[in-house]
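Please keep the model in view while reading the numbered points.

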Amino acid sequence: MIVHSKLINLVPVIAKSNLRHGLKEKVSKGLNSNINYNQLRHSHARTMFIRPGKFYTKKYFDSLHFHFCLAGLPFFLFIAYQNFFVGPAILNDIPEDYEPRYWEYHKNPIKRFMSRYVFEIPERAYERNLHFIYVEGCKQKMRNLEKKVKTMMKENQDYKAWYYVPVPKETLEMKKEYHQKYGSLGYESKFTK
């Protein structure tokens, strides 16, 4: 009886301790307290969480790996064949009447193949870049001309456009005389020399 009463006194201590962390139900005071006490003593606080399955993820990566190897293996074999059996180009003297093509300047056979069939011809790329530079230069000239036109229209105010304010003709003539006499700064030019 003394042992049973000591167990009953221990049950609230165990229920509040860290051993009780993972369990949901309360430890009861009674005859089943010894069973609950043993369960708490021999268990751990970890619980099992429900997670989504990884079947489709693993299936996707397996398929991706398979198709990558299926596509990459021929390229690897082609590169190995070119490097082992064909080898790099050898520098020789050029005959007098022969001009080498643009892909013959590359040493590696794969680079020769890529420059001949995949990449753009260097002369064509050079001409295209020159045309791009020419078009941008024309655009810059047009921007400068438009800026100059706007500036002159702002100064003269004699054309109905951005800066036109309708004023009498006499006022414009007085303004032109003033500019001719004193300049656009508003004072005579002899004071600035």
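1. The side chains of Lys139 and Glu136 meet in a salt bridge, with 3.5 Å from N to O; the term denotes a side-chain nitrogen of Lys or Arg within 4 Å of a carboxyl oxygen of Asp or Glu. Both residues belong to helix H5 (residues 122-156), where they lie 3 residues apart, about one turn of the helix. Lys139 is partly exposed at a relative accessible area of 41%, and Glu136 is partly exposed at 31%. Here buried means under 20% relative accessible area, exposed over 50%, and partly exposed in between (1.4 Å probe, protein chains only).

2. The model is predicted: local features need pLDDT of at least 70 and side-chain atom pairs count only at pLDDT 80 or more, while totals for chains, interfaces and linings use all residues. Residues are numbered from 1 along each chain as its sequence is written, and side-chain values use heavy atoms, with hydrogens and water left out.

3. How many salt bridges does a search of the whole structure find? The search finds 2. One of them joins Arg128 to Glu120, with the closest N and O atoms 2.8 Å apart. Arg128 is partly exposed, at 44% relative accessible area, and Glu120 is likewise partly exposed, at 35%.

4. The protein chain has 6 helices and 0 strands; these are DSSP runs numbered from the N terminus, helices (H or I) having at least four residues and strands (E) at least two. Of its 193 residues, 9% count as buried. Among contacts (heavy atoms within 4.5 Å) with a separation of 6 or more, 17% are between residues 24 or more positions apart.

5. Gly87 is placed in the loop between helix H3 (55-86) and helix H4 (109-117). Is this residue buried or exposed? Gly87 counts as buried because its relative accessibility is 11%. Leaving aside residues up to four places away in sequence, Gly87 touches Gln82, Pro109 and Arg112.

6. Helix H6 (residues 169-182) has 14 residues and, at 1.5 Å a residue, should span 20 Å; its end C-alpha atoms are 20 Å apart, which agrees. The expected span is 1.5 Å times one less than the number of residues. After H6 comes Gly183, whose phi is positive, near 90°.
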